[in-house]
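User: I have a structure open and would like to go through it piece by piece. Can we start with a single residue and work up from there?

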Amino acid sequence: MTETTTFSPPGPGQRLLDRIADIAIYTAVAALLGLVVVQGWQVFARYVINDSPSWTEPVTLLLLSTAMSLGAACGVHTNRHFGFFLLHAYMAPALRRAVDVLVQLVVAVLGAFIAVWSAELLLDGLDIKTAGAELPQSINYLPLALGGVLMVVFALNRAWKATQSTPADAAADDAEGDR
C-alpha cells in the first residue's frame, strides 16, 4: 500500500508568518552586506587615507547583532537549527510528535528569555550614547529582542503544527525543511 501526500495551501496565518520570516531574512542579508561595506570602509580609511573613523565599530556590532538574531529566528521558522534529526527519524510517530512539541516549547521559552532580558537591557541603556557614534549604547539589544520575539512566535507555530500533524504531514514538513 502506498501513501499519497496531498499538500494543502497554507492558511492566512501561515502566509503571514512566512512573509515575516522573509522580511527578517532579507533584513539579515542586508545587515551582512552592510557589515561588509562598513568593514571595507574601515580598512580603506585606516590603511589608505590614514583616518580611521570611530563610528565603524558600533555600527558593525549592530549589524552583526541584527544578522545573527534575525537569522537565528528564521532558522527556527524553517526548522534549520541544531537538532538530533537522525534520532528523530527512528522514533515512533507518537513519541516523535511529543518530542517535536517539547523541542519547540523549549525554543519558545529560550526565545522569551532572550526577548525579555534584551528588551530590559535595551531600555536600561537608551540614555547613554555610544562612543564614536550617535547611537544609544544599548541599541545592539534591539535586534536580540526582536529575534527573541520572532523565535517565540515561530516556535509556538511549529509546536501547534506538530500537535495537528499526521505522519504524512510530518513527512511533508521534513521534505519542506530539506529544501
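User: Is Asn50 buried or exposed?
Analyst: Asn50 is exposed, because its relative accessible area is 68%. The cut-offs are under 20% relative accessible area for buried, over 50% for exposed and partly exposed in between, with a 1.4 Å probe and protein chains only. Before we go on, this is a predicted model, where local features need pLDDT of at least 70, side-chain atom pairs count only at pLDDT 80 or more, and totals for chains, interfaces and linings use all residues. Residues are numbered from 1 along each chain as its sequence is written, and side-chain values use heavy atoms, with hydrogens and water left out.

User: Where is Asn50, and what is its phi?
Analyst: Asn50 sits in the loop between H1 and H2. Its phi is near 55°, which is a positive value in a residue other than glycine.

User: What is phi for Asn79?
Analyst: Phi of Asn79 is near 60°, again a positive value in a residue other than glycine. Asn79 is in the loop between H2 and helix H3 (85–89). It counts as partly exposed because its relative accessibility is 23%.

User: Ok, stepping back. How many helices and strands are there?
Analyst: The protein chain has six helices and zero strands. From the N terminus on, its elements run α-α-α-α-α-α. Helices (H or I, at least four residues) and strands (E, at least two) are DSSP runs, numbered from the N terminus.

User: And how much of the chain counts as buried?
Analyst: 33% of the 179 residues of the protein chain.

User: What share of the contacts is between residues 24 or more positions apart?
Analyst: Such residues account for 72% of the contacts in the protein chain with a separation of 6 or more. Contact means heavy atoms within 4.5 Å.

User: Next, helix packing. At what angle do H1 and H2 pack?
Analyst: At about 150°, with their axes 8 Å apart. Axes are lines fitted to C-alpha atoms, for helices over the stretch in contact, and angles run from 0 to 180 degrees between N-to-C directions. That angle makes H1 roughly antiparallel to H2. The cut-offs are under 35 degrees for roughly parallel, over 145 for roughly antiparallel, 65 to 115 for roughly perpendicular, and oblique for the rest.

User: What is the hand of the H1 and H2 crossing?
Analyst: The crossing of H1 and H2 is left-handed. The term applies if the near helix is turned anticlockwise from the far one by less than a right angle, while clockwise makes a crossing right-handed.

User: Which classes of residue make up that contact of H1 with H2?
Analyst: It divides into 16 nonpolar, ten polar and one charged. Ala, Val, Leu, Ile, Met, Phe, Trp, Tyr, Cys and Pro count as nonpolar, Asp, Glu, Lys and Arg as charged, and the others, Gly among them, as polar.

User: How do H2 and H5 cross?
Analyst: The axes of helix H2 (residues 56–77) and H5 come within 8 Å and cross at roughly 5°. That makes H2 roughly parallel to H5. By class, the contact of H2 with H5 has eleven nonpolar, five polar and one charged residues.

User: Which residues meet there?
Analyst: On the H2 side they include Leu62, Met68 and Val76, and on the H5 side Pro143, Leu150 and Phe154 are among them.

User: What about H4 and H5?
Analyst: Helix H4 (residues 93–124) and helix H5 (residues 141–164) have axes that come within 7 Å and cross at roughly 160°. H4 is therefore roughly antiparallel to H5. Their crossing is left-handed. The contact of H4 with H5 has 21 nonpolar, five polar and three charged residues.

User: How far apart are Val103 and Ala159?
Analyst: They are 56 residues apart in sequence and 8.1 Å apart in space, C-alpha to C-alpha. Val103 lies in helix H4. It is partly exposed, with a relative accessible area of 37%.

User: Last topic. How many aromatic pairs are there?
Analyst: The count comes to one aromatic pair. Trp41 and Phe44 form it, 5.6 Å centre to centre with 35° between the planes, and the pair is tilted. Rings of Phe, Tyr and Trp (its six-membered ring) pair if their centres lie within 6.5 Å, and planes under 30 degrees apart count as stacked, over 60 as edge-to-face and the rest as tilted.

User: Which helix are Trp41 and Phe44 in?
Analyst: Both lie in helix H1 (residues 12–47), three residues apart, which is about one turn of the helix. Trp41 counts as partly exposed at 37% relative accessibility, and Phe44 counts as partly exposed at 38%.
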